[in-house]
Amino acid sequence: MKLEIVKIGINGEGIGYQNRKPVFVPGVFPGECADVEITDEQETYLRARVKRVLKQSPARRPSPCPYSSSCGGCSLIELDYSEQLKLKTELLAEALWKYGHVRSTFIRDIRPSAEEFGYRSALKLPVQNSGGVAVTGMYKTGTNHFTAVGTCLLHDETLEALRKTVLAVMHEEHIPAYENGHGVRYLIMRRIDPAVSIALITGNDTLPASFISKLAVLPGVSSIVQSVNTAKNTAGFFGSASRVLYGDDTVTVPFCGFRIRLSAESFFQLNLSQAEELYKTAVSKIDPCNVLAECYCGVGVMSILAKDKARKVFGFEAVPQAIENAKQNALENRVPNTVFRCADAAEGLRDLLKERDVDCLLTDPPRSGMDDAMIETIRNSSIRKIVYVSCNPSTLGKNIRALKAEYEVRTVIPFDMFPNTPHVESVTVLTRRGTSDRTVSARRAGKKRRKK
């Protein structure tokens, strides 16, 4: 079947139409025409595979990665980078209009990444046996098909070289990939120049001292931890609390003039230079105020960056280890006006609102967005401004729609954190209806005059 590709889907697949029904086709791009074969027919959509590309986009380029077709992790890698940025802006605009009725005129120019390749400072990969040798790779999106990846172009080059060495040491020490409750299930590594942390997610195993010793002398390795995860169906990588086998229990990140400690379990942005720009932009949108609340605060980075924006900054995060990191980061960076609490975002914010008025909310939720309880808490508050950092345009649009009765969008600033993938992050500013930056500033100025 001949199919014209007219737009791109949220996962980077091409979309055409047959009898007004969308057809999702991986491996093709807008402006292309392909001979496709239908592989799945549902009531509201079709899926297909490419038999032959009949007309190529002028922006298409040869893939620099030999694993791109089987791995599927970089669905845009065969497009020129400028075209990737254009399509990501279109994805964001379409999602915001579809789910939130936000016009594209609110969307600013996308901020490109400084690096197109080698930008990932961390990796989290499953380990499997291949020909009697442990290898790492990826599961193709939406399947359980594992592809061993010899070299990933997105990883920091030094980190990638160390990953290969770790696998070689596993082979030397006869450490198998995970099977029947034993072996290494996932390899997790983070490199913050020059320090490297290694997390081994295993079955019920005691790892040999000789194995740990060989890893400990690798260049830059400052931390090795182990977590046991034998759950058959697991959403995360870590199982039990990590146990330090060598070195420190954290790695330190120099970030925006601060030093941020991260445990193995703690989330942190992978594209560090772009993350600095994202976080600086988000914090710049906060008006000076009395009380700032950050929900889903992680290890407290944005709360610490915003220390001069509010008299008091409260951060909420449900992961206990991240909150411990946040408290330590505030202490070591001498930021005394922050308070970090381990709590569900909605519960933490709701409790805080019982204590005092919150002027501004800074929120950076997971891909699933803010849940109903969080939305309801915000709607019932008197919070004047929301600065929303999003990694998922669809859930951002849905959250905006749920808040529209009380809040209006002021601006949306997209960032490309993950070149060669369809992912796009953004900073959205919302203000409570009936207020604006100007009226808030006027109120603040009036208070100052009364004090004089």
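Because the model is predicted, local features need pLDDT of at least 70 and side-chain atom pairs count only at pLDDT 80 or more, while totals for chains, interfaces and linings use all residues. Residues are numbered from 1 along each chain as its sequence is written, and side-chain values use heavy atoms, with hydrogens and water left out.

## Overall build

The protein contains 11 helices and 22 strands, where helices (H or I, at least four residues) and strands (E, at least two) are DSSP runs numbered from the N terminus. Along the principal axes, the C-alpha atoms fill a box of roughly 75 × 60 × 35 Å. For 452 residues, a compact globule would have a radius of gyration near 22 Å, and the 24 Å of the protein agrees with this; the radius is taken over C-alpha atoms, and the globule rule is 2.2 Å times the number of residues to the power 0.38.

Of the 452 residues, 52% are buried, a term that means under 20% relative accessible area, with exposed meaning over 50% and partly exposed lying in between (1.4 Å probe, protein chains only). Among the contacts with a separation of 6 or more, 62% are made by residues 24 or more positions apart, a contact being heavy atoms within 4.5 Å. The accessible surface comes to about 21100 Å², and 49% of it belongs to carbon and sulfur atoms; such areas come from the Shrake-Rupley method with a 1.4 Å probe, and for residues only the protein chains shown count as cover.

## Charges and salt bridges

There are 61 positive and 50 negative side chains, and the centres of these two sets lie 7 Å apart. Lys and Arg count as positive and Asp and Glu as negative, whereas His and the chain ends are not counted; the place of a charge is taken as NZ of Lys, CZ of Arg, CG of Asp or CD of Glu.

The structure holds 20 salt bridges, each defined as a side-chain nitrogen of Lys or Arg within 4 Å of a carboxyl oxygen of Asp or Glu.

| Salt bridge | N to O distance |
|---|---|
| R60 and E78 | 2.7 Å |
| R163 and E160 | 2.7 Å |
| R379 and E406 | 3.0 Å |

R60 lies in the loop between β6 (46-55) and α1 (68-71), and E78 in the loop between α1 and α2 (81-100), so this pair ties together parts that are 18 residues apart in sequence. R60 counts as buried at 15% relative accessibility, while E78 is partly exposed at 24%. Both residues also belong to a network of salt bridges that links E32, R60 and E78.

R163 and E160 both sit in helix α3 (residues 157-172), 3 residues apart, which is about one turn of the helix, and both are buried. R379, by contrast, is in helix α9 (residues 372-379), with E406 in the loop between α10 (393-403) and β21 (407-415), so that pair ties together parts 27 residues apart in sequence. Here R379 is partly exposed at 31% relative accessibility, and E406 is buried at 17%.

## The surroundings of F418

F418 is found in the loop between β21 and β22 (425-432), where it is buried with a relative accessible area of 14%. Leaving aside neighbours within four places in sequence, F418 is in contact with K88, Y119, Q269, L270, H423 and E425. T105, in turn, is 313 residues from F418 in sequence and 24 Å from it in space, C-alpha to C-alpha.
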